[in-house]
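Dear colleague,

I am handing over the structure below, and after it I set out what was found. Please read the notes with the model open beside you.

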Amino acid sequence: MKKHDYIKYMSAIFLFLMMLIDGQLTRLLEKWTQDNYIASAHVLLIALLCAARYLPKNFLIPTALVIGCLYDLYYIGLIGVYTVAFPLIVWVMYMLDKTIYQNIFTMFFGMIIFVTSLEIVTLGIQLLFKIASVNTSFFVSRFLAPTLLLNMILFFILVIPFMKLFKDE
C-alpha cells in the first residue's frame with residue numbers, strides 16, 4: 001500500500017477522532033467559564049483545512065459529509081445542520097485553494113473566515129427550521145468572539161503537526 005493511500009484511509013479515522021475532541025473540549029471550556037461564555041472548539045475544521053491541501057477533493061468532501069452526519073447524530077440529534085455545513089465549507093476550501101494555501105498566515109485568516117462561516121451557516125439552518133432562537137448581541141459577544149479566540153490559539157498549536165500528518169512525502 002502506498003503512503004498516499006494509507007494517509008487517505010487513516011485520515012477518515014483521524015477526522016472522526018477530531019470530531020469527538022471538538023465536543024469534549026467545548027464541554028470542558030463551558031464548565032470552566034461556568035456557562036458565561038461558549039467557546040466552540042473546531043479542531044475538526046482546522047484538520048479539514050490542513051487535509052484539503054493534500055487530500056483529493058473526491059475523497060474529502062464525501063468524508064466531510066459522513067463526519068457531518070455523525071456530528072449531527074452525536075451532538076444535535078437531528079441530521080442536516082452539520083451534514084450540510086461541513087461539505088459546503090470543505091468545497092469552498094477547494095475553490096479557494098490558490099488563495100488559502102500561499103502561506104501560514106493566509107491559512108490563518110482562511111481559518112477565521114471558515115470558523116465564522118461555519119457558525120453563521122449552522123445558526124442560519126437552525127433559525128430557518130426554528131430549532132433555535134438567538135439574540136444577535138449574545139451570539140457575537142458570548143459565542144462567536146470566544147469561539148474565534150479559542151480557534152486562533154488552537155490553529156497556532158495544531159497547524160504544523162496537522163500539515164505534517166497529511167503531507168505525502
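This is a predicted model: local features need pLDDT of at least 70, side-chain atom pairs count only at pLDDT 80 or more; totals for chains, interfaces and linings use all residues.

Lys 130 sits in the loop that runs between α6 (104–128) and α7 (136–166), and although Lys 130 is not a glycine, its phi is positive, at about 55 degrees.

The largest pocket has a volume of about 550 Å³, and of the 21 residues that line it, Ile 38, Ser 40, Tyr 82, Gln 126 and Phe 143 are the closest to its centre. At least two lining residues come from each of α1 (3–32), α3 (57–76), α6 and α7, with α1 giving the most, namely 5 residues. By type, the lining of this largest pocket divides into 11 nonpolar, 6 polar and 4 charged residues.

The second largest pocket has a volume of about 160 Å³, and the residues that line it include Leu 29, Trp 32, Tyr 37, Ile 38, Pro 146 and Ile 153. Here α1 and α7 each supply at least two residues of the lining, and the largest share, 4 residues, comes from α7. The lining of the second largest pocket is made up of 9 nonpolar residues and 1 polar residue, with no charged ones.

With best regards

Methods:
Residues are numbered from 1 along each chain as its sequence is written. Side-chain values use heavy atoms; hydrogens and water are left out. On a 1 Å grid over the protein atoms alone, a cavity is a set of points where a 1.4 Å probe fits but cannot get out, and a pocket is an open set with protein on both sides within 12 Å along at least five of seven lines; lining residues have an atom within 4 Å of a point. Grid points are joined across faces, edges and corners, and a volume is the space filled by probe spheres set on the points. Ala, Val, Leu, Ile, Met, Phe, Trp, Tyr, Cys and Pro count as nonpolar, Asp, Glu, Lys and Arg as charged, and the others, Gly among them, as polar.
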